[in-house]
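Please consider the following structure, shown with its sequence.

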Amino acid sequence: MTIGIALRVDALAFRTNNMKTPAGRAKMIAAMVLVGVGCRQASVADGQGSTIPASAPAQSGTASRTCVYRENGFRSGVNPPREVHRVEPDLSGLPPLADEQIAIIEVRIDETGRVTESCMLRGVREDVDRKALEAVNAWRFEPPRLRADTNLTDGERLEAGTAVPIFMTVTMRLGRRL
Amino acid sequence: LRGNVFTVLAGNVDPDATCFLATETLLEGSDVLPIAAPAGSGACVRRSQLAEIRGRRVTRCWPIARMASGKEVVLVEFERRGKDALASLVVVDGTRTLFADYTAEFRGEGQDLWRVDDGGVLSPRGIEIVCVLQRGKWHALGIAWDGAEGRLLSLWISEGGDRFTKVINDYWYRAPS
C-alpha cells in the first residue's frame, strides 16, 4: 500500500462590480497559484456567482463531508508542507478491493504539523474510507513556512507555519505497494 | 486576497501558466504522459464509435491533444436531449475510451450553456490538457478551460470503466480592466 499527497492548486478569485464589462474581461489583473482552501468540488458556485460555467460540476466519489475552511490571508513565498510521518490504513478484516484504487483526502494541518481536519474528496468504499481517514489523521507534516528569502519582513524567518494553515489533498492508493 | 504563492525552485514555468502541485509520492509509479498538439482529425474520425458507446449522436468533435503513448484527447458535443446538454473530453487509445463529462442545462437558444457568455455554443478554444498521468488502469486528467471571465481548473480520475470522475474543481477569475 502506498500513500501519496497532492497539494491542491487553487486560484485567486475576486470580483469587481463591473465584471460584466466586455472590454475588461481579457485583462488579467491578478493571477497566482494558491494552495487549496477546502473541499470545494462540491461548492463551485460558492461565492463566485456568475463567474462559474453554466455546466454543473460532476459528482465524484463518496464525499463523506465538506470541509469549510478557507485561507483568510495572503502570503507570498511559502514552503509547502511536507509529510514526515505516514500511517498506513489498517484494512485487515475488510473485504478485499478488486484493484488498486485511489482515495483522495483533503487535510488541514496546524502549525505543529498535526492534522486537525480531514475530509474525503473521493472515496473508495465506506469501510475503507473510514480506515483511510483514521490513518491520515495520524499523519505528521513539516508545517508550511514562509520562505526567509522572500519574506516581506526583511527576510525574517517566522516560526514554523504559525500563520499558514494549509489544506492539502491527500492521495491514498489502496492496494499493493509497488 | 487569500491563499499562498509558491516559488518555483527548479525548472521553468511560463508566466500565468496553470499548474497542479503534487508531491513526489503522488507521482510515484505513475507515468506523466507528454502532451502534444493534435494531428489532423485524430480520434474524431471515430465519432460513430463514440456515439455508440454513449448511445447518443455526436454533433461536433474537435481534436484537443495527443500523447506520445498513442492516446488522444478529443472534445465531443453530443446531441442535446431536451434541456439535457452533454459534452465530453474523451481520452482515446487502442483499448480504452474514457469520458470526462460536462453536463449543462439548456435554457434557450443563445443563452449561456457551457460558459458565461458563450451564447450556447461549445468551443474547443481555451481548453487545455494540463497533465495526464497513468498508472496501470488508473488515469488522472488535468483540464484547464478558459472562458470569457476566467479559467476553470479541474482534476479528473478514472480507475476502471469508461468514465472519469471530477475530484477537484477550482476557478481562476480574470477581473475586467
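How many disulfides does a search of the whole structure find over all chains? The search finds 1 disulfide, a disulfide being a pair of cysteine sulfur atoms within 2.5 Å. This is a predicted model, in which local features need pLDDT of at least 70, side-chain atom pairs count only at pLDDT 80 or more, and totals for chains, interfaces and linings use all residues. Residues are numbered from 1 along each chain as its sequence is written, chains are lettered from A and ligands numbered from 1 in the order in which they are written, and side-chain values use heavy atoms, without hydrogens and water.

The disulfide joins B:Cys44 to B:Cys61, with the sulfur atoms 2.1 Å apart. B:Cys44 lies in the loop between strand 3 (35–36) and helix 2 (47–54) of chain B, whereas B:Cys61 lies in strand 4 (residues 58–67) of chain B, 17 residues apart. Helices (H or I, at least four residues) and strands (E, at least two) are DSSP runs, numbered from the N terminus. B:Cys44 counts as buried because its relative accessibility is 9%; buried means under 20% relative accessible area, exposed over 50%, and partly exposed in between (1.4 Å probe, protein chains only).

Chain B also holds an open sheet of 5 strands in the order 2-8-9-10-11, with antiparallel pairing; two strands pair if DSSP finds at least two bridges between them. Strand 9 (residues 138–146) and strand 10 (residues 150–158) of chain B are joined by 8 bridges.

In chain A, A:Asp127 belongs to helix 1 (residues 126–136). A:Asp127 counts as buried because its relative accessibility is 18%.
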